[in-house]
Amino acid sequence: MARATKAMPDTKMMSGELFTLTYGALVLDLCKDLESAEDVNRQLDKIGYNMGLRIADDFLAKNPRIGRCAEMQQVADIISKNALKSYLGVTAQATSVSPNGDEYSIVLESNPLVEFVEIPPEWSKICYSQVICGAIRGALEALHMEVLVQLASDVPNPTEIRIKFRRVLHEMMPAGDED
Amino acid sequence: MQRGAKTVGILDKSLSKGKNEVNLSTFALLFAEIIRYAQNKVNTVAELQEKLAEYGRFVGIRLIDIIVLREKSYKRDTKLLNVLLFIKSTVWKSLFNKEADKLERSNDDICKYFLIEKDPVVNAFISLPKDKSALNCASFVAGILEAFLTESNFPCKVTAHWHMGTTYMIEFDAEVISRENSMIEANR
C-alpha cells in the first residue's frame, strides 16, 4: 500500500469564505424561520449530524492509516489533529481531559465558520458553531460511539467543544437520515 | 464563559487575506443539507430555486466588497463590459478557483448576457430526482452573481438554465444599457 503522504492529494479545496458565508446564509434563514435560539441550535445540530454520518465514511476512506481507536484519548487526538484539519482546515487542541479519560474539550485555534460573524444581543443564546458538534456526534455514532457533544464557548471567544463519551453502541444501528 | 466587556467589534478586526481554504467535501455536504432544508419548506421547483437564489444573494452582497477591496484596491468598474469580465475572471477565480467558461451577449436582446459554466461546483454532487429534473442548484450561484452586479450598480435579474452545461442568463434593466450607451456617446 502506498504510504499516505501528509497532504492528501485527492482532497479538493475550495474558497473558505464562500463556505463561511454560505453557512451564514443558512443560519440567518433558520433564525428567520424558527422562533427561539434553542430551536435554531437543535436544527443546526441535526444538520451537522447528517453531515457527520457521511463525513465518517469519507474520512476513513481517505485516511487508510487510521485504524481502530482503542481509547477515547486516541479518538480525541484524531478528531483534533486529523479530522478538523482536513474538513475545516484548522488545528485544534484536546485539553481538560477528565480523570477517567471519558470527557475532554477540543479548543479550535481559529474557526472558519465564525470569520465574519457578529451575533446580535437578541440572539445571544445561539450556538453558532453547533453544526460542528452535530458533525462530531454524527461521525462518532457512525463508528459506534455514543457521545455527548456541547459547545462550551463560541463567538466572540475561541470555540471550545466539550465531548463526553457515553457508551459503545454494540448493535448494528442503521445510520439512517432522519427528517 | 463571560461575554467580555472588551469584545472587539467585527469592524475593528483586520480583514484576512482570504487564503483560507476548506475541504470541498465539507462544502458539498453543507450545501446538500441546505438544499434538503430548503426543500422541506417549499412546494415547487421554482420556489426552491428562488430560495437558493436568496441564499446566494446573501453571500454575494457580502463577498463583492471583500473581493473588490482585495483585488482592485477598492476601485470599482463603471463600464459594463469591464464589470462582466472582472466577474468572469477574478471573481470566479477567487470563489471557485477557475474562470467561468464563456461570456456571451445575446443577439436578439441587447439587455441579455450569458455567462456559461460547464460544470458548476454546486451541481457536482447533487443528483436530481426524476420528477425534479428542471431543478438547477446553480441558482445559488446565480443569486451570488445577481448580488454582485446589482451591488455594483448594474441592476439585473440572473437565472440559471441547463444549456451547454449551466448558463446564467443575466437580464439587465433597460436603464443600465441606455446609461452604458450614453456613456459611450459622451466619450466619443
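Modeller: Helix α4(B) lies across β3, β4 and β5 of chain B, running at about 155 degrees to β4(B). Here helices (H or I, at least four residues) and strands (E, at least two) are DSSP runs, numbered from the N terminus, and lying across rests on contact, that is, heavy atoms within 4.5 Å. The angle is taken between N-to-C directions and runs from 0 to 180 degrees, with axes fitted as lines to C-alpha atoms, for helices over the stretch in contact. This is a predicted model, in which local features need pLDDT of at least 70 and side-chain atom pairs count only at pLDDT 80 or more, while totals for chains, interfaces and linings use all residues. Residues are numbered from 1 along each chain as its sequence is written, chains are lettered from A and ligands numbered from 1 in the order in which they are written, and side-chain values use heavy atoms, with hydrogens and water left out.

The sheet itself is open and has four strands of chain B in the order β2-β3-β5-β4, with antiparallel pairing; two strands pair if DSSP finds at least two bridges between them. Its edge strands, each pairing on one side only, are β2 (102-105) and β4 (156-162) of chain B, and from one strand to the next the twist averages 20 degrees. Inside this order, β3(B) (residues 112-117) and β5(B) (residues 166-172) are joined by six bridges in the antiparallel sense, and B:Ile116 stands opposite B:Thr167 of β5(B). In a regular strand the side chains alternate between the two faces of the sheet.

A further helix, α3(B), lies across β2, β3 and β5 of chain B and runs at about 20 degrees to β3(B). In the loop between α2 and α3 of chain B sits B:Asp77, whose side chain makes a polar contact of 3.2 Å with that of B:Lys72. A polar contact is a pair of N or O atoms within 3.5 Å; within protein, one must be able to donate a hydrogen and the other to accept it, and residues adjacent in sequence count only if both atoms are side-chain atoms. Leaving out residues up to four places away in sequence, B:Asp77 touches B:Lys72, B:Asn82, B:Val83, B:Phe86 and B:Phe154.

From the helices one can go on to the other chain. In all, 39 residues of chain B are in contact with 43 residues of chain A, and four salt bridges are counted between the two chains, each a side-chain nitrogen of Lys or Arg within 4 Å of a carboxyl oxygen of Asp or Glu. One of them joins B:Lys51 and A:Asp29 (3.4 Å, N to O). The most comes from α1(B), with 12 residues. Strand β1(B), for its part, pairs antiparallel with β1 (residues 13-15) of chain A over three bridges, where B:Glu21 is the bridge partner of A:Ser15.
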